[in-house]
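Hi,

Here is the structure I promised to send over. Have a look at it first, and then read on for what turned up.

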Amino acid sequence: TTLQDYYFNVKTKEPAMFVASPILDSTGKFVGMVLGNISVKDINEIVTSRSGLGETGETFIINSFNMVVTDLSKETDSAFRKTIFTPETKTCLSGKEVSTVTADYHADSVVGYWSWFPELKSCVVTKIDSKEAFAPARSSALWFILILLMLAIVVGIIGFIGGNSFIGPLKKLRDQIQKVKSGEFDVAVDI
């Protein structure tokens, strides 16, 4: 089975792709071919579904000509009207996967994953804005700092109270030692 790269069908005025699969008889001899035209609308609906991607997450497909073949969440009717040339896209279209924090097609900081699909000769991109992706970590870090501050205050209070209960008797002992040092030997220390 072979899939053709996405193209713009001038007859239907929609993005489409062909699929071809050989028909073989029981001996494995080629007897024909099944051809099908797949509307990209169905693929677009699946890919642009934001289920599980949060507020800013999106998935889209870029073909081997750097052409966006599915709609973008930040640009309506972008399929076959926008090209994306980024280092990550270039790497992906060369057949390698990429995951990184970078600027997207709108110059927003995003956490993204670019995956090469050789059957489609396309790159599937899934990304989410960095602020949203790292929000749980930032929230955890703030709670951690707050707990550390509260712990430091509690330890400081305990240290102050504990220190005074330990230091007070030592000061009395020091004062009595000073009396003995100055010649007064009839000294008692209440601790």
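A word on terms before the surface: a patch here is built from residues with over 30% relative accessible area and no salt bridge, with nonpolar side chains joined within 5 Å. Keep in mind that this is a predicted model.

By that rule, Phe-144, Ile-145, Leu-148, Leu-149, Leu-151 and Val-155 make up a nonpolar surface patch, and together they have about 590 Å² of accessible area. Leu-148 sits in helix H3, which spans residues 130–181.

Now the inside. The largest nonpolar core has 12 residues, including Phe-60, Leu-72, Trp-114, Cys-92 and Cys-123. Strand E5 (58–63), helix H2 (87–93) and strand E8 (122–129) each give two or more residues to this core. Another core, of 10 residues, lies apart from it, with Tyr-6, Ile-61, Val-69 and Val-124 among them.

Searching the whole structure turns up 1 disulfide, and that is Cys-92 with Cys-123, the sulfur atoms being 2.1 Å apart. The link is right-handed, with 110° about the S-S bond. It ties together distant parts of the chain: Cys-92 is in helix H2 and Cys-123 in strand E8, 31 residues apart. Cys-92 is buried at 0% relative accessible area, and Cys-123 is buried at 0% as well. Leaving out residues up to four places away in sequence, Cys-92 also touches Val-98, Trp-114, Ser-115 and Trp-116, besides Cys-123.

Cheers

Conventions: Residues numbered from 1 in each chain as written. Predicted model: local features only at pLDDT ≥ 70, side-chain atom pairs only at ≥ 80, totals over all residues. Heavy atoms only, no water. Patch = residues over 30% accessible without salt bridge, like charges linked within 9 Å, V, L, I, M, F, W, Y side chains within 5 Å. Areas by Shrake-Rupley, 256 points an atom, 1.4 Å probe, with all protein chains shown as cover. Salt bridge = Lys/Arg side-chain N within 4 Å of Asp/Glu carboxyl O. Helix = DSSP H or I, 4+ residues; strand = E, 2+ residues; numbered from the N terminus. Core = buried A, V, L, I, M, F, W, Y, C linked by side-chain atoms within 4.5 Å. Buried < 20%, exposed > 50% of the residue type's maximum accessible area, 1.4 Å probe, protein only. Contact = heavy atoms within 4.5 Å. Disulfide = S-S within 2.5 Å.
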